[in-house]
Structures are given as C-alpha cells and as structure tokens.
Amino acid sequence: MAEIRLEGVTKVYPRGGAAAVDSVSLTVPDGSFTVLVGPSGCGKSTTLRMVAGLEEATDGRIVIDGRTVNDVPPRDRDIAMVFQNYALYPHMTVRQNLGFALRMRRTPRAEIERRVGEVARTLGIEDLLDRRPGQLSGGQRQRVAVGRAIVREPKAFLFDEPLSNLDARLRVSTRAELKALHQRLRTTTLYVTHDQEEAMTLGDQVVVMCRGRVQQAGPPMEIYRHPANRFVAGFVGTPPMNFIAGTLSKPGEYENAHFASDATNLVNERFVFAFSAEQSERLRPYFGEPIVLGIRPQALSLAAEQEPGRDFPDTNQFVLELLVVEPLGDTMDLVCQTASGERIVARVPAADGLIPGATVRLEAQPARLHAFEVGEFGAALL
Ligand SMILES: Nc1ncnc2c1ncn2[C@@H]1O[C@H](COP(=O)(O)OP(=O)(O)OP(=O)(O)O)[C@@H](O)[C@H]1O
Ligand SMILES: [Mg+2]
C-alpha cells in the first residue's frame with residue numbers, strides 16, 4: 001500500500017504543442033480509489049503513464065510511498081497497470097498469463113500456484129484457467145487482466161479505461177466488482193475514465209481534468225453539489241446542467257439578488273430567477289454584472305398553470321416550447337426551447353399526455369440554483 005503524490009507534474013511532448021499535462025498536483029491517499037476523469041485528450045493517460053514510468057515527466061515530482069520515482073524505471077516502481085486493450089499473451093493459458101509476472105520474478109512454483117489459485121477464486125475465473133485469451137469473452141479477458149495485476153500484490157494499481165471494451169451492461173456489473181474488490185484489498189488505485197458516471201460511482205476521490213489541468217478534486221458528491229467552475233458543473237451529472245446567460249440585478253433594485261436571462265419566453269420577456277438572502281450576500285460583488293445561471297435538469301419540475309391575473313412570467317419559472325420527450329422509465333427528460341432558441345432540459349417524474357410542440361411551464365428550486373462567472377471555466381459564485 002502506498003500514497004501517490006504528484007507535485008507540479010508537467011508533460012510537453014516533442015512537437016506536441018501546448019503542455020499535455022500542465023502543472024498537475026494531486027494526492028492519491030494510501031488505500032484510496034481515485035478516478036481521473038475528463039474529456040478526450042485532456043491528459044489523463046499521459047498522467048497515468050508518467051506515474052507508471054512509461055512516460056517521462058518534463059517537470060515536477062512524482063512520489064510513490066514517500067520515494068521520488070522520476071528516475072526509477074517502471075519495473076522498480078512496484079505498481080501494476082491495466083490497460084484498455086488488456087494486452088494478454090495470446091499463446092499462454094489464463095493460468096500462465098496470471099502467473100507470468102511472478103515467474104519473471106523467480107517466485108517459487110508452489111507460491112505461484114497458491115497466488116494464482118487465490119486470485120482466480122477472487123475473480124470467479126477458476127473454470128477458465130486452462131483456456132487461452134482467444135477463447136474468452138471480453139468481460140472474462142478483462143477479469144484476467146485485472147487478475148494479472150492483483151497477483152503481483154503491488155503497492156498500487158493504475159487502470160486506464162479498463163471497461164471501455166465491454167458492452168453497457170457488463171460495464172456496469174464489472175465496475176461494481178472492481179469496487180467490491182477494492183473494498184476488500186484496499187490497494188491504492190488510480191483509475192482513468194472519460195465517463196463521468198463511472199468516475200462518480202467508483203471513486204472515493206474524483207479528479208476532473210480539462211486541457212491538461214486539474215479543474216477540481218474531491219469526493220464525488222462534493223463535486224456534484226459544489227462544482228468549482230462552469231466546466232466541472234457541465235461535465236459532471238446527467239443530463240448536463242443547463243446554463244443560461246444573463247445579468248444580475250443592480251444593488252438596491254430588489255431586496256434579494258435577481259437574475260434576468262438574455263433568453264426570452266414566448267411573449268418576448270426575460271426569465272427571472274430570485275436568489276435567497278444568503279445567496280444574494282455571496283453575489284453582492286457581481287450585482288449589475290453579466291453572469292451565467294446553472295440549473296440541473298433534476299432541479300426543474302413541471303409547474304401548475306399560473307392563476308389568472310398574475311404577472312407573467314412568474315419568478316423562477318420557464319415557459320418554453322416542448323421539443324422532445326425522452327421516456328426513461330420512472331423519469332423522463334423534457335427537451336425544451338426558449339423563444340430565442342436556447343435548449344433547456346428537465347428530468348421529471350414520468351407522466352403521460354405531454355405533446356411535442358406544446359407549451360410547458362418549468363419551475364426551478366431556488367436552493368438548487370448555481371451561478372458562475374462568464375466563460376468556459378467561469379468560477380462558481382455561490
Ligand atoms: N506521444 C505523443 N506525442 C505527442 N502528443 C501526444 C502524445 N500522446 C498524447 N499526446 C497529446 O497529449 C494530449 C493528452 O493525451 P492523453 O492521451 O493523455 O489524453 P486522454 O485524456 O487520455 O484522452 P482519451 O480520453 O482520448 O484517452 C492530447 O492532446 C494528445 O494528442
Ligand atoms: Mg487516454
């Protein structure tokens with residue numbers, strides 16, 4: 001077991017242009033399951049390969065179990081890596097594949113047999129020991145690849161998208177197995193995926209990367225509830241958070257801060273959202289300024305028709321055109337559009353009778369509003 005620490009780690013590939021990994025600092029605590037997640041090309045694999053020693057860091061320090069390993073060759077770092085394509089030896093049986101690393105280390109025969117047997121039992125692949133990789137399904141091959149890493153009893157595991165070759169159902173069940181396995185072995189694990197749901201479900205720590213930089217690191221629910229910036233807010237959560245550009249009310253205009261969207265409703269009025277007193281306090285420096293409002297689809301619900309004679313539009317409501325209904329079983333996603341063409345998605349309890357083209361009224365829970373500075377990486381304001 002071991003802590004893995006990265007201090008200002010940077011990777012610039014020759015002729016690669018901008019840094020693939022840009023001054024990344026992060027700690028994978030001893031025994032943690034930490035997931036690096038981010039869009040394609042953000043530097044996840046490069047980071048992992050530098051920890052494994054397969055790629056040299058241009059700058060910064062990599063520390064494993066208290067030892068700086070920048071100049072330590074991969075085989076002496078005592079960590080095991082599982083790749084997306086498994087890379088099993090096709091001419092060897094599962095038994096030989098599992099025992100290969102131990103044979104290379106001249107481990108006694110009886111000890112190899114014992115450990116291979118134990119790992120096969122752990123992963124439920126005892127019946128497959130005499131088959132070759134070509135005679136296995138994708139999920140079985142994946143388990144053999146994990147087994148080959150476990151059998152070495154390394155200080156840490158590194159996984160690079162190990163589930164991406166599996167079909168959706170198998171991916172979900174295998175990810176639960178991986179999590180159960182980690183709960184049993186407690187081996188420090190650094191796991192890479194581009195799938196935010198996989199990251200949330202597996203990690204006790206999630207590290208969101210974009211353009212070679214760490215955008216936010218923390219427990220999954222912390223990241224979901226309190227995204228540090230607009231990128232993280234839009235990346236974590238399904239369907240993605242809705243963002244609406246607009247302007248915050250001026251000081252003294254209202255008692256609490258109000259937000260008026262640039263987007264408009266069917267009668268050409270702006271949407272208005274009101275913040276609580278506490279939220280307004282935090283927003284004070286931005287009064288009168290353009291900001292971006294964030295609303296998760298789950299924070300929107302279908303509202304009752306307004307009473308006759310009340311002002312139109314109501315605060316904290318959207319009146320929109322319903323474009324598409326996506327049934328999901330217990331819930332459904334309503335894909336709606338403002339009169340000015342912005343899409344707003346709501347995830348609501350399943351109900352019949354909603355017809356595309358109809359007008360829908362959605363209400364936002366004020367406590368679940370997010371606000372960001374303008375820009376792709378605009379900082380969270382609440
Ligand atoms: N050997 C290389 N030479 C030059 N550039 C590279 C090399 N390997 C990766 N890159 C670049 O570095 C950046 C980060 O790549 P990396 O493979 O780490 O991304 P990733 O986050 O793992 O993406 P994916 O989700 O697609 O696997 C990309 O812009 C990529 O094009
Ligand atoms: Mg990758």
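Trainee: Which residues surround ligand 1?

Mentor: This is a predicted model, and a ligand site in such a model is read from the residues that lie within 4 Å of the molecule. Here ligand 1 is surrounded by Tyr13, Ala20, Glu161 and a run of neighbours: Pro39, Ser40, Gly41, Cys42, Gly43, Lys44, Ser45 and Thr46.

Trainee: Which side chains place an N or O atom at 2.5 Å or 2.8 Å from an oxygen atom of ligand 1?

Mentor: A polar contact requires a pair of N or O atoms within 3.5 Å. The side chain of Ser40 has such an atom 2.5 Å from an oxygen atom of ligand 1. For the side chain of Ser45, the distance to an oxygen atom of the ligand is 2.8 Å. Cys42 takes part through its backbone, where a polar atom is 3.2 Å from an oxygen atom of ligand 1.

Trainee: Into which domains is the chain divided?

Mentor: The assignment gives domain 1, residues 4-235, and domain 2, residues 242-372. Taken over C-alpha atoms, their centres are separated by 41 Å.

Trainee: How many residues of each domain are in contact with the other?

Mentor: Seven residues of domain 1 are in contact with seven residues of domain 2. About 630 Å² is buried between the two domains, and carbon and sulfur atoms give 60% of that area. On the side of domain 1, Tyr224, Arg230 and Ala233 lose the most area to domain 2, together accounting for 75% of what that side buries.

Trainee: How many salt bridges and polar contacts does the rule find across this interface?

Mentor: Between domain 1 and domain 2 the rule finds zero salt bridges, and one residue pair in polar contact. Two helices, H7 (220-225) and H8 (230-235), each give two or more residues to the side of domain 1 that touches domain 2. Helix H8 provides the largest share, three residues. By class, that side has three nonpolar, two polar and two charged residues.

Trainee: How many salt bridges does the structure hold, and where does the pair Arg115 and Glu111 lie?

Mentor: Side chains of opposite charge can pair when their charged atoms come close. The structure holds 18 salt bridges. One of them joins Arg115 to Glu111, with the closest N and O atoms 3.2 Å apart. Both residues lie in helix H3 (residues 109-123), four residues apart, which is about one turn of the helix.

Methods:
Residues numbered from 1 in each chain as written. Chains lettered and ligands numbered in written order. Predicted model: local features only at pLDDT ≥ 70, side-chain atom pairs only at ≥ 80, totals over all residues. Heavy atoms only, no water. Domains from an automatic or database assignment. Contact = heavy atoms within 4.5 Å. Buried area = accessible area lost by both parts, 1.4 Å probe. Salt bridge = Lys/Arg side-chain N within 4 Å of Asp/Glu carboxyl O. Polar contact = N/O pair within 3.5 Å; in protein donor to acceptor, adjacent residues only side chain to side chain. Nonpolar A, V, L, I, M, F, W, Y, C, P; charged D, E, K, R; others polar.
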